[in-house]
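This briefing sets out selected features of one protein model for computational use. Please read it alongside the sequence and the coordinates shown below.

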Amino acid sequence: MTEHDATPEVEATTPDLAVEAVAEEPAIAATAATDGSPEVGDSRPAPRIGDTRPGGGGEQGAVVTPVGPAREDRAPTPIPANAGAKGDDEEGSEEPAAEGTPRKRRRRGGKDRKSRSVGRYMMCVHVQGTTTHIAMLEGRTLVEHYVVKESDETNQIDGNIYLGRVQNVLPGMEAAFVDIGIPKNAVLYRGDVHYDPDDVDAETAQAARIEDVLKPGQLLVCQVTKNPIGQKGARLTQEVSLPGRFAVLVPNSATIGISKRLGDNERRRLRKILDEIRPKGHGLIVRTAAEGATEEELTRDVEELTQRWSAIEAEAKKVSRPGLLYRELDLAVRMLREELNSDYRGVLIDDATLFEQVKSYVSQVSPEMVDRVEHYDREKETLPLFERYFVHEQLHKALDTKVWLPSGGSLIIERTEALTVVDVNTGKNVGKTTLEETVFKNNLEAAEEVAHQLRLRDIGGIIVIDFIDMEAKAHREQVAAALRQALARDKTRTQVFDISELGLVEMTRKRISEGLMESVSTTCPTCEGRGVAFDADLP
């Protein structure tokens with residue numbers, strides 16, 4: 001039951017509080033080139049992409065549903081507004097050249113090209129019946145894919161706030177099962193319990209056990225931090241947090257924090273503002289998106305969050321049975337709240353109703369970005385949205401067990417109940433020099449692709465990667481460093497250990513949802529998920 005989480009990204013004055021639950025996730029690094037990426041609205045045919053088969057010869061070649069406010073989802077942290085600013089400044093400029101030397105035009109940046117917004121990322125939202133598919137593209141590469149189903153009122157509940165009733169307390173597990181109004185009880189661990197030390201009869205409040213602070217039948221306000229997965233119920237916390245565009249409100253807390261990814265001068269500026277606008281009796285964490293935000297913008301954001309919490313408290317006092325107090329925003333809207341900035345070249349939505357909802361929300365929180373939210377009219381376009389941007393092809397490849405590497409090697413990804421195993425093979429990669437060099441280069445490619453596949457397939461929990469054995473210690477260290485660097489683009493917290501003598505890497509990735517494979521599949525009724533069917537004449 002122990003989770004391995006990375007170091008929190010925020011600086012807090014109360015270390016004992018679970019600030020990491022709302023901390024900024026690692027920013028996505030800018031690695032994919034945008035040159036040649038299709039522009040929003042560009043109907044010209046594009047080359048076939050997403051095929052990772054070896055080249056040949058093996059050579060390396062509601063704005064808010066008024067039942068309460070929202071909590072920060074696992075959706076990625078906004079990339080700082082000045083990311084890629086150099087490219088923006090270089091738009092359309094030319095390098096001075098010596099006499100007789102051809103003038104070189106600088107690479108276009110990320111502001112606009114032919115009056116079209118361009119950027120590194122794009123979101124494609126496809127609505128099919130009661131299911132919504134959300135694809136995140138980096139350049140032309142599919143990096144994340146989420147599925148939201150209508151039945152997910154009991155499954156996709158991360159961030160929702162409930163009034164719960166304690167059903168039973170298990171001292172041996174240091175946990176309590178809580179009824180929050182859905183079929184499966186949620187679990188609240190001792191470390192996530194918030195209580196007043198004066199109300200505890202224990203000799204030392206800090207050493208109070210869970211049975212000292214929670215009693216069966218007790219009502220409490222709690223927030224979901226992890227969706228129910230398989231046979232496990234949702235995970236709860238009493239440390240409620242309400243994320244806004246620029247700040248996160250932590251009610252009834254002394255927490256004060258500022259994103260560590262901001263520069264020292266900006267942190268000092270925001271610290272002064274924070275002291276002025278912090279609501280009495282509540283904690284506040286300033287997010288990376290607040291870089292450059294004015295005091296008026298921050299004040300308006302904090303006031304809105306405070307009003308949301310007041311509405312939740314008032315609703316909790318009215319009801320006496322377990323149930324929903326506040327529903328998080330739709331996933332598409334929530335992801336825009338976390339991510340939308342100048343690095344997004346567009347958000348395409350092929351459903352008119354959802355388009356109007358998203359556009360209304362963006363016009364309120366980021367008016368300057370509203371022109372990048374577009375409706376992809378299925379009747380007027382010649383190709384469906386996911387085919388136009390090659391999402392369909394890449395999505396089906398992401399469901400395969402085998403993944404090809406550019407030089408001819410391959411990955412085999414196998415998921416089990418306990419952990420996920422990734423096996424690295426050289427396959428058709430025969431190299432050119434020595435075996436050690438061939439294996440080293442193959443493992444470097446594998447490290448990059450493993451990070452991409454974990455993010456795309458949303459694989460969480462314990463992960464073991466079986467790299468090909470390398471004799472040189474320096475090579476093992478370089479492969480481990482390459483894996484960590486690739487994982488830094490992942491918004492979900494990860495922890496990676498060094499390569500063992502057997503060539504194995506043990507790592508964890510925080511599991512919040514069930515994963516891509518489970519969200520688009522059902523268990524086979526014949527083999528019941530075993531993958532084999534037993535003989536009919538088996539005694």
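E138, E144, R455 and K491 are linked in a network of salt bridges, a salt bridge being a side-chain nitrogen of Lys or Arg within 4 Å of a carboxyl oxygen of Asp or Glu. The structure holds 16 salt bridges. The model is predicted: local features need pLDDT of at least 70 and side-chain atom pairs count only at pLDDT 80 or more, while totals for chains, interfaces and linings use all residues. Residues are numbered from 1 along each chain as its sequence is written, and side-chain values use heavy atoms, with hydrogens and water left out.

**Overall composition**

- The protein chain contains eleven helices and 24 strands; these are DSSP runs numbered from the N terminus, with helices being H or I of at least four residues and strands E of at least two.
- Of the 539 residues in the protein chain, 48% are buried. Buried denotes under 20% relative accessible area, exposed over 50%, and partly exposed in between (1.4 Å probe, protein chains only).
- The chain exposes about 26600 Å², of which carbon and sulfur atoms supply 49%; accessible areas come from the Shrake-Rupley method with a 1.4 Å probe, and for residues only the protein chains shown count as cover.

**Individual salt bridges**

- D343 forms a salt bridge with R120, with 3.5 Å between the closest N and O atoms. Because D343 lies in the loop between α5 (331–339) and β17 (344–349) and R120 in the loop between β3 (116–117) and β4 (121–128), the pair ties together parts that are 223 residues apart in sequence. D343 and R120 are both buried.
- R509 forms a salt bridge with D490, the closest N and O atoms being 2.6 Å apart. This pair links distant parts of the chain, 19 residues apart: R509 is in strand β24 (residues 504–509), and D490 is in the loop between α10 (473–487) and β23 (494–496). R509 is buried, as is D490.
- E437 forms a salt bridge with K441, the closest N and O atoms being 4.0 Å apart. E437 and K441 both lie in helix α9 (residues 435–457), four residues apart, about one turn of the helix. An α-helix has 3.6 residues a turn, so residues three or four places apart point the same way. E437 counts as partly exposed at 26% relative accessibility, and K441 is partly exposed with a relative accessible area of 38%.

- The 24 residues of helix α4 (residues 295–318) should span 34 Å at 1.5 Å a residue, and the end C-alpha atoms are 35 Å apart, which agrees. The expected span is 1.5 Å times one less than the number of residues.
- In α4, the residues L298, D301, V302, L305, R308, W309, I312 and A316 are buried.
- T288 is found in the loop between β15 (283–286) and α4, and is buried with a relative accessible area of 1%. The C-alpha atoms of T288 and R245 are separated by 9.6 Å, with the two residues 43 residues apart along the chain.

**Surface patches**

- D275, E276, E295 and E296 gather in a patch of negative charge on the surface. The elements giving two or more residues to this negative patch are α3 (264–277) and α4.
- Patches are made of residues with over 30% relative accessible area and no salt bridge; like charges are joined within 9 Å, and nonpolar side chains (Val, Leu, Ile, Met, Phe, Trp, Tyr) within 5 Å.
- D275 lies in helix α3 and is exposed, with a relative accessible area of 53%.
- V532, F534 and L538 make a nonpolar surface patch of about 330 Å². F534 is placed in the segment after α11 (516–519) and is exposed, with a relative accessible area of 56%.

Technical notes. Lys and Arg count as positive and Asp and Glu as negative; His and the chain ends are not counted. The place of a charge is taken as NZ of Lys, CZ of Arg, CG of Asp or CD of Glu.
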